[in-house]
Protein chains: 4
Amino acid sequence: MSSITEFRAVAEQVRNWGRWGDDDEVGTLNLITPEKVRASAGLVRKGSVFPLGVEFGAKGPQGDYLFRPNPIHLMTVDGGDADHFVEHSRGWSANPVAEQIGQYFADNPFRFNDDMIIMPLQAATQWDALSHTYYDGLLYNGFPASAVTSQGATRCGIDKVIDKGITTRGVLLDVVAHRGDDVHLDPDRPVTPDELDEVADRQGVAVEQGDVVIVRTGWWDNFRRTGDRSAFTSGLSWRCAEWLHARRAAAVASDNVTVEVPMPEFDGVFLPFHLLCERDMGMMLGEYWDVTALAADCAGDGVYEFQLIAPPLAVVGAVGSPVNPIAIK
Amino acid sequence: MSSITEFRAVAEQVRNWGRWGDDDEVGTLNLITPEKVRASAGLVRKGSVFPLGVEFGAKGPQGDYLFRPNPIHLMTVDGGDADHFVEHSRGWSANPVAEQIGQYFADNPFRFNDDMIIMPLQAATQWDALSHTYYDGLLYNGFPASAVTSQGATRCGIDKVIDKGITTRGVLLDVVAHRGDDVHLDPDRPVTPDELDEVADRQGVAVEQGDVVIVRTGWWDNFRRTGDRSAFTSGLSWRCAEWLHARRAAAVASDNVTVEVPMPEFDGVFLPFHLLCERDMGMMLGEYWDVTALAADCAGDGVYEFQLIAPPLAVVGAVGSPVNPIAIK
Amino acid sequence: MSSITEFRAVAEQVRNWGRWGDDDEVGTLNLITPEKVRASAGLVRKGSVFPLGVEFGAKGPQGDYLFRPNPIHLMTVDGGDADHFVEHSRGWSANPVAEQIGQYFADNPFRFNDDMIIMPLQAATQWDALSHTYYDGLLYNGFPASAVTSQGATRCGIDKVIDKGITTRGVLLDVVAHRGDDVHLDPDRPVTPDELDEVADRQGVAVEQGDVVIVRTGWWDNFRRTGDRSAFTSGLSWRCAEWLHARRAAAVASDNVTVEVPMPEFDGVFLPFHLLCERDMGMMLGEYWDVTALAADCAGDGVYEFQLIAPPLAVVGAVGSPVNPIAIK
Amino acid sequence: MSSITEFRAVAEQVRNWGRWGDDDEVGTLNLITPEKVRASAGLVRKGSVFPLGVEFGAKGPQGDYLFRPNPIHLMTVDGGDADHFVEHSRGWSANPVAEQIGQYFADNPFRFNDDMIIMPLQAATQWDALSHTYYDGLLYNGFPASAVTSQGATRCGIDKVIDKGITTRGVLLDVVAHRGDDVHLDPDRPVTPDELDEVADRQGVAVEQGDVVIVRTGWWDNFRRTGDRSAFTSGLSWRCAEWLHARRAAAVASDNVTVEVPMPEFDGVFLPFHLLCERDMGMMLGEYWDVTALAADCAGDGVYEFQLIAPPLAVVGAVGSPVNPIAIK
């Protein structure tokens, strides 16, 4: 049985603070070299494109984390009423927005639709920024937690990693195919480092420096099928942090809510894998990545590596970003 | 001098309705084949990554279009006050969000930051969906404008193009380098089809089927330098729609606000290039793409083609999407 | 058994179109005269104040109407991190909001908290504007439904009634006390005009011209106790519209979701009472008014009339408004 | 010349901490007694109603405080496209909101409009909660500033004052009429305690315990006329805090941005009047109250006292609230 003492020991071992300089806010993405980028493009052999981003909308997986509602999408002008602006918005001086839209449409066939969104930055398929989780008052690389103000992260915001693309080699580890069952249903059976090795061996693929490792648990398949956002999920054991550290992975992602198993593996620390990856190692986590179609293709041709391009939006000071990761084989 | 009559004649000539079936909502992205995807990956030679997405934040270019404010980024929990939740949010039954956050932090070193965004979907670097602009009550492929309701686009939403990636060959046409001046300053001098040919010739590059054509006007450079969001801009002449149509381009983008020149080239139709591309041809427009660093690199090595990956978010029913397009050379 | 034919007959009978001029957007609020306002102030005898507004927050009653989430309340600067702005936001040029806040706090003891809200205008205690519901393409007084554009109601918006205060005599009709049970539990037993008369008789109060009639069903008491936002509710029968019309009431409100009983009393028209009141009579509806404390006081002193002040916010073009109605006895 | 030392001395003198108990979060509103409420109703003689709330919309006064945009008002369903839902939203399973709206409209004449708002809680006519401003890490009554978390004010939120109504006697002090010019134009000429006495004398009115004092500077008149949100404004000198304290006023409001003069009267403390009132005295400030029509009426009949009802919304944990204050004469 693990403990918080063991957690702190592992944390010290995997901690990358200072490894890429005292000002570094990019973490393990530093492990992606131009040569790696070049090589990953060489993995494109069929021209098959797999978008891993799920839909952002009212049917999304949010609701249990009360601070994260599903996206709210609203129109500022739409097709049903554009023509009416011409008639009704002229002279409506109390509403200059309506007046402006009316002016565009007057004496003119031009019409447009426009829209807004209100959403948590981690509403659906996402990257956690390195400033997302922490402990002991310090973020990755020792920056103080107070550097994340009410106006956003002055340190380790998602905007700091933009230059990395993020593009590199992606490797899918399909635990569902390995276990032969709905792995997501059993939160008491975390995916261990040994099991990751077994999956990799079975697939004939090796994780290398700079890779983004994507683990399939089957949670998203289940959510799409059932709509049950509260369904149990398995996920990585917290000890997988060391495994990723040893392999010099650049990032890790999954098709579930938290990458790691959300049920505590030991007392005293909530989401220890998050803390080790983001705060100690400087490794970003990707969540709600839909790998269903990709996994089917990999099972078909036996190729579990691909070019991955997963560019976050440069939201200033954000601690996460929506993303539509693209895998190309 | 052009006229609305000429506009309608050109519209008929370039109209792609039915070309890919009556139910098609993807338009010219159909011109991107798996072979094209494969070939575009082959353009990666140096492993150099150029993110073309600008920052999403309070300093963005919005303000003149009253229906599009700059993004508002707010924290649901931040580093300065996470510890205070433990003390203050317990028993605050009127606010279950605060209670829940407090529970995560109780008796536990785990802390997290989380955030929300409120923004127009076209606040900064973006893709227009095919449902963005139209005339005569019809969208691309003849779908009725009324299919875009207050709850979003049931037809030609940005979510309909997700399967395309979007990834293909990108070609930069650097009009600034060609003209040798700040092209963005002169809205009365639109970029003509002939000038596009001259730029391509000068650069030694040809636009081919399935390409995304990216035109540099220098507007974004100027905005970054001056912060003047209302600065004049040049852009494509409306007749460039035919040029793109003839070359079977998949999409077109620019570093300015509207791709095309916003000052009317003739009376009676506002933004005619938008209408021809989006509504008649089914061609998406990308706006506010920052090509400064990319252009410098292209000028340096003389290579103006690259692998482009520009994945929109699958916002259900959205008429546009923020995007961080990645060019890889 | 009623029918849509009967509905249309009643509608014609109670319709007030043109009664206060063709441009009127105020409806039955016209029935509140200065003399009425003066007299209602005379009802204040004890100096007891009863705010009828419920809390606006994450624990509110929303969730079943998918287009109406509960309010989202977010801080732009809060007490936990104000001091950190001084240290962290200087020179953060990418975020001028943070810079500005930091400037206020530099070399200065002054600190402030500030906040934003995202909410449906009918999230909790509310007034429906006359533009909220309609049929046959026409709003109250014959204005076209198209006058409510994507940018708000150019006709019959809540901003049009602001001059009325809204202040007048309020009368509580406590159906719960009358029935002696949880009236809210039985949607199949609507409150009929006859029952309204019985309640008024029992209470020794008469509804007069210009009154706001407030009906207690017990729904809100139940919601507060159980948190069950989906609990059944009783409410007014659609025929009560005639009753209110005959008594020349100015408005009607209730402690439940829809004032009227939501279960259809006859086939073919959803929420017929809404349509008759708002669209035909020009009578505003108030919903989610918490009359628990007021009802207890009225039961205690036998006085069911009071001064009522229920001022909507002048939200330009809104079809409803949050309100905190004040009853003073 | 004043100084921060003098500020601290005044602060100690006017500080009301503990005066109404250690748990008090209501402050000087405690000075409003039932007798005061009763008496204030007796001031209604003509039945004239003056709503003091300005419009909430895109034309509001916000823009200079970057953390406070003007309200954004968006429709979830509007009159132009309601009918189209019947046709287009059925079977749009990706958008359950649209599906639900479509169901309401199917086989049924019932139609509705609905809307949302995104706004700072102090976007226009407002009450500051006692938790709005502070110094030295302590709020009113000694509560720690950290009690205002990212999820709102657990202490001294606006929801804590709801029981007070807020209703009492209001007194208008028309400094514009007194000075005979546009007082708002001269920020270097703050309104002193002596001038308040002169105005009251001139008007023949005396401020008494429990009153809400409303000061007219003319700023809002100017804003309405010119649209210049950045226009200079005069306002109360910081020493007026003592004047209000001595007269046992319940609250203070004005037609300008900050009640007090925003230009520093001495070095070292920004908005000292705010700090003395809200943090030390426990007195709420009302801002952007439009008293133009009220002032004209008072000038006409010579009566500067009235019943005032200014009910904030019970937004859980909010540090301010929009309000539409009603003055009745």
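Hi everyone, a word on the ground rules before we start. This is a predicted model, where local features need pLDDT of at least 70 and side-chain atom pairs count only at pLDDT 80 or more, while totals for chains, interfaces and linings use all residues. Residues are numbered from 1 along each chain as its sequence is written, chains are lettered from A and ligands numbered from 1 in the order in which they are written, and side-chain values use heavy atoms, with hydrogens and water left out.

Let's begin with chains B and A. The contact, meaning heavy atoms within 4.5 Å, takes 90 residues from chain B and 90 residues from chain A. About 7300 Å² is buried between chain B and chain A, and carbon and sulfur atoms give 65% of that. Buried area here is the accessible area (1.4 Å probe) that two parts lose on being put together, summed over both.

How many salt bridges are there between chain B and chain A? The count is 2, where a salt bridge is a side-chain nitrogen of Lys or Arg within 4 Å of a carboxyl oxygen of Asp or Glu. Arg68(A) and Asp114(B) meet in a salt bridge, at 2.7 Å from N to O. Strand β5 of chain B, residues 114-120, gives the most to the side of chain B that touches chain A, with 7 residues. Helices (H or I, at least four residues) and strands (E, at least two) are DSSP runs, numbered from the N terminus.

There is also strand pairing across these chains, and pairing requires that DSSP finds at least two bridges between two strands. Within β15(B), Ala314(B) is the bridge partner of Glu55(A).

Now over to chains C and D. Here 90 residues of chain C are in contact with 91 residues of chain D. The buried area between chain C and chain D is about 7300 Å². On the chain C side, Phe67(C), Phe110(C) and Tyr134(C) lose the most area to chain D, together 9% of what that side buries. Across this interface the rule finds 2 salt bridges, and Arg68(C) forms a salt bridge with Asp114(D), with the closest N and O atoms 2.7 Å apart. Strand β5 of chain C, residues 114-120, gives the most to the side of chain C that touches chain D, with 7 residues. That β5(C) pairs with strand β5 of chain D (residues 114-120) in the antiparallel sense over 5 bridges, and in β5(D) the bridge partner of Ile117(C) is Met119(D).

Next, two single residues. Where does Val316(D) sit? Its place is the loop between β15 (314-315) and β16 (320-322) of chain D. Is Val316(D) buried or exposed? Val316(D) has a relative accessible area of 4%, so Val316(D) is buried; buried means under 20%, exposed over 50%, and partly exposed in between (1.4 Å probe, protein chains only). Beyond residues up to four places away in sequence, Val316(D) touches residues including Trp92(B), His73(C) and Asp159(D).

Finally, Asn95(C) lies in the loop between α3 (82-88) and α4 (96-105) of chain C. Asn95(C) counts as buried because its relative accessibility is 6%. The Asn95(C) side chain reaches the backbone nitrogen of Val97(C) at 3.1 Å. Leaving aside neighbours within four places in sequence, Asn95(C) is in contact with Gln151(A), Val316(A) and Ala58(B). Thanks, everyone!

Terms used
Polar contact = N/O pair within 3.5 Å; in protein donor to acceptor, adjacent residues only side chain to side chain.
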